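Have the model open as you read.

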Amino acid sequence: MISTTAIVIGAGHAGLAMSRRLSERSIDHMVIERGQVANSWRTQRWPSLRLLTPNWQTRLPGHDYAGDDPDGYMPAGEVADTLTEYARLVSAPVRTGLTVHALRAGPHGFQLQAGEDRLRARAVVVATGACTLPALPSAAGAVPPPVTTLTPLAYRDPGQLPDGGVLVVGASATGVQLAAEIHRSGRPVTLAAGEHVRLPRTYRGRDIFWWLQATGLLTERYDQIDDLTRARHLPSPQLTGTPQRATTDLNSLTAQGVRVTGRLGRITGGVAQFSGGLANVCALADLKMNRFLTRADQWASASGLDGDLPPPRRFRATRVDPRTPLELDLTSGEITTILWATGFRPDHSFIDIPAFDRTGRIRHDGGVVTTAPGLYLLGLPVLRTRASTYIQGAAPDTHTLAGHLHSFLDSGASARRRVPGSDQLGQAGSPRDNGTF
Ligand SMILES: Cc1cc2nc3c(=O)[nH]c(=O)nc-3n(C[C@H](O)[C@H](O)[C@H](O)COP(=O)(O)OP(=O)(O)OC[C@H]3O[C@@H](n4cnc5c(N)ncnc54)[C@H](O)[C@@H]3O)c2cc1C
């Protein structure tokens, strides 16, 4: 049995940031990683992926972006290299190639089974990623045999797809990026769009993430958000990180020749059925984008920045083709591939601790698993603020959670106190107008 004070599971950006925080506090720990450092970026991302957040926001505790392109968007391979270098810089004690198969409560904290090893620790930080498994709709089980299906975790480039039409299901960041890339390869692309978040790449001369940060939206705390469950399951914004800083939205995709349909409902008898509500979800996305741009304009005026920025503007409403098909026969040969860009979910199946709610998600209060003192979560969407969804959120999140963990160790098992705020999980959100996004 290997014994240590704290174990961090996962050597992505979140786990490495926590390692740095624990080292700062001289807390003896190890980081266990099933693959190599930055494994997700090396094995689960397609090569052409670039971050949708600008380089200046790719910062970690004790490490700011120092390259010559702060406004650029980092390719996935460079993210992996950056994290590998960060692990070296902070001397993270990573054990690679070791998968945690089981995490249980033990007499003096937690017990882990990792490969052949049994480990014991008083505190455990689960940083195994938010995007480890694909989130598939039930329709995925009804695809007729001639059609090839794959998820973004397995997608590499259009060359791996059979010839013929491609149905991309989901029009968030992943869906719009891959629809554009596959369309450029010459394959006809149909994009099924449900609820989505539309944002321009730049606004009044600044990157949209500059505005999201400046207006305070990214720093909104989890315990101040009206509908936290909805915020945590919000689709990623329709953004791509191209050197041209191009906006990728449904208008630009249809202009390129991508056919946009409504949300995929079910597949029955080999026929895919799409929602007739495309115009509604587009109108809602336009409304929410404009509402945010108004908030940005008000912030700029209040900050006395109007004179330094180009004037406010608004973007064309999303154009919806009235001839949008409501059905597609998947046995006709028109569609040879379906790409499920329907989101991701974490894999916490190795956690054998009664901390899950009835939907299978771990109950936590801003990353603190209150039913299992000493257990923490990291790297999940809107964990503590909206920025938690992104790399930049790891610095403040690990600052707070490492402090909580330290107090827990100091006070034994008495750290059952909550960090401020409540985290009751409710029903998943449905498309409706309830404030910004
Ligand atoms: C398509 C896509 C685009 C993204 N774009 C952006 C972006 O533009 N900007 C941005 O800031 N963020 C972006 N994100 C990333 C997002 O920030 C991270 O996915 C998320 O925050 C989680 O990071 P993490 O370090 O917690 O997890 P990961 O980076 O996934 O790291 C988790 C690590 O845990 C390991 N692991 C998992 N299970 C086990 C186990 N049982 N035992 C041992 N090790 C295990 C994995 O191998 C992995 O190395 C994107 C994500 C995706 C999927």
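What follows covers the ligand first, then a pocket, then the cavities.

Keep in mind that this is a predicted model, where local features need pLDDT of at least 70, side-chain atom pairs count only at pLDDT 80 or more, and totals for chains, interfaces and linings use all residues. Residues are numbered from 1 along each chain as its sequence is written, and side-chain values use heavy atoms, with hydrogens and water left out.

**Around the ligand**
- There are 32 residues around the ligand, and Glu 33, Ser 40, Leu 52, Thr 53 and Ile 391 come nearest (a residue is near if one of its heavy atoms lies within 4 Å of the molecule).
- On polar contacts (pairs of N or O atoms within 3.5 Å), the side chain of Glu 33 puts an N or O atom 2.6 Å from a ligand oxygen.
- Asn 39 has a polar side-chain atom 3.1 Å from an oxygen atom of the ligand, while Val 100 uses a backbone N or O atom, 2.9 Å from a ligand nitrogen.
- On its own the ligand has 980 Å² of accessible area, and the protein covers 94% of that (Shrake-Rupley method, 1.4 Å probe).
- α1 and α2 (39-43) are the elements that give two or more residues to this shell, with α2 supplying the largest share, 3 residues (helices are DSSP runs of H or I, at least four residues, numbered from the N terminus).
- By class, the shell splits into 17 nonpolar, 12 polar and 3 charged residues (Ala, Val, Leu, Ile, Met, Phe, Trp, Tyr, Cys and Pro count as nonpolar, Asp, Glu, Lys and Arg as charged, and the others, Gly among them, as polar).

**The second largest pocket**
- This pocket holds about 310 Å³ of space (a pocket is an open set of points on a 1 Å grid over the protein atoms alone, with protein on both sides within 12 Å along at least five of seven lines; volume is the space filled by probe spheres set on the points, joined across faces, edges and corners).
- Its lining has 18 residues, with Gln 177, Arg 184, Thr 240, Thr 242 and Thr 248 nearest the centre (lining residues have an atom within 4 Å of a point).
- α4 (173-184) and α7 (250-256) each supply at least two lining residues, and α4 gives the largest share, 5 residues.

**Cavities**
- The structure has 2 cavities of 30 Å³ or more (in a cavity, a 1.4 Å probe fits but cannot get out).
- The second largest cavity comes to about 40 Å³, and its lining includes His 13, Tyr 390, Ile 391 and Asp 397.
- α1 (13-24) and α9 (394-410) are the elements giving two or more residues to that lining.

Methods:
A polar contact is a pair of N or O atoms within 3.5 Å; within protein, one must be able to donate a hydrogen and the other to accept it, and residues adjacent in sequence count only if both atoms are side-chain atoms.
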